[in-house]
Amino acid sequence: MPEEKTQREQARSLVESLVAAYNAKDRDRLADLYAEDISLWSALGAETNGRDEVLRHIDVLFRTLPDEVMSLDTMVTDGESTVIEVTSTGTNEDGSAYQIQFTEVLEIVDGKFTEIRTYIDPVDVEKISVGH
């Protein structure tokens, strides 16, 4: 049982590091957290595979939403699979403030994120898009 608790603590720490690195726009730290073969899926219809491709996707997010800040609202983990609820705030490209909630399911193997599935309402995303 103690080993399981350690896995849970490690998963929590990794997720907290992921959110901190994202908020700091620290691409190198994000790269360290991602497995080389990471898969990123979004309910918006996008799937990105491989660390380099995922980082390119993150670069676009950083350019599009440069002051985005994610806050962790809820986290549940068994040490390998983790579910988080997140609130993201910032300003979009036209300067309008936004707040959006979403859920992610993250898979961790050997201390690295191997899969991230993002569940976000496309209608909410459309509302923060420029020109809407």
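This is a predicted model: local features need pLDDT of at least 70, side-chain atom pairs count only at pLDDT 80 or more; totals for chains, interfaces and linings use all residues.
Residues are numbered from 1 along each chain as its sequence is written, and side-chain values use heavy atoms, with hydrogens and water left out.

Let me begin with the overall fold. The secondary structure comes to 4 helices and 6 strands, where helices (H or I, at least four residues) and strands (E, at least two) are DSSP runs numbered from the N terminus. Read along the sequence, the elements follow the pattern α-α-β-β-α-β-β-β-β-α. The radius of gyration is 15 Å, close to the 14 Å that the globule rule gives for 132 residues, so the chain is as compact as a globular protein of that length; the radius is taken over C-alpha atoms, and the rule is 2.2 Å times the number of residues to the power 0.38. Along the principal axes, the C-alpha atoms fill a box of roughly 50 × 30 × 25 Å.

Buried residues make up 39% of the 132 residues, buried meaning under 20% relative accessible area, exposed over 50%, and partly exposed in between (1.4 Å probe, protein chains only). Of the contacts with a separation of 6 or more, 47% are between residues 24 or more positions apart, a contact being heavy atoms within 4.5 Å. As for charge, the mean positions of the 12 positive and 28 negative charges are 3 Å apart. Here Lys and Arg count as positive and Asp and Glu as negative, while His and the chain ends are not counted, and the place of a charge is NZ of Lys, CZ of Arg, CG of Asp or CD of Glu.

Now to the strands, where two strands pair if DSSP finds at least two bridges between them. Strand S3, residues 69-77, and strand S4, residues 81-91, pair in the antiparallel sense over 8 bridges; within this pairing Met-70 has Ser-88 of S4 as its bridge partner, and Thr-77 has Thr-82. The hairpin of S3 and S4 has 3 residues between the strands, and Gly-79 there takes a positive phi near 105 degrees.

S4 in turn pairs with strand S5, residues 97-109, in the antiparallel sense over 11 bridges, and Val-86 stands opposite Phe-102 in S5. The hairpin of S4 and S5 has 5 residues between the strands, with Gly-95 at a positive phi near 90 degrees.

S5 also pairs with S6, in the antiparallel sense over 7 bridges. Which residue of S6 is the bridge partner of Val-105? That partner is Arg-117, and Trp-41 stands opposite Arg-117 too. Strand S1, residues 34-42, is joined to S6 by 5 bridges, and these two strands run parallel.

The hairpin of S5 and S6 has 2 residues between the strands, and Asp-110 in the turn has a positive phi of about 50 degrees, although Asp-110 is not a glycine. Is Asp-110 buried or exposed? At 76% relative accessibility, Asp-110 counts as exposed.

Glu-107, by contrast in its setting, lies in strand S5 and is buried, with a relative accessible area of 17%. Not counting residues up to four places away in sequence, Glu-107 touches Glu-80, Ser-81, Lys-112, Phe-113, Thr-114, Glu-115 and Arg-117.

Lys-25 is found in the loop between helix H1 (2-23) and helix H2 (27-33), and the phi of Lys-25 is near 55 degrees, a positive value in a residue other than glycine. With a relative accessible area of 23%, Lys-25 is partly exposed. Arg-56 lies in helix H3, residues 51-64, and at 45% relative accessibility Arg-56 also counts as partly exposed. The C-alpha atoms of Arg-56 and Arg-27 are separated by 9.7 Å, although the two residues are 29 residues apart along the chain.
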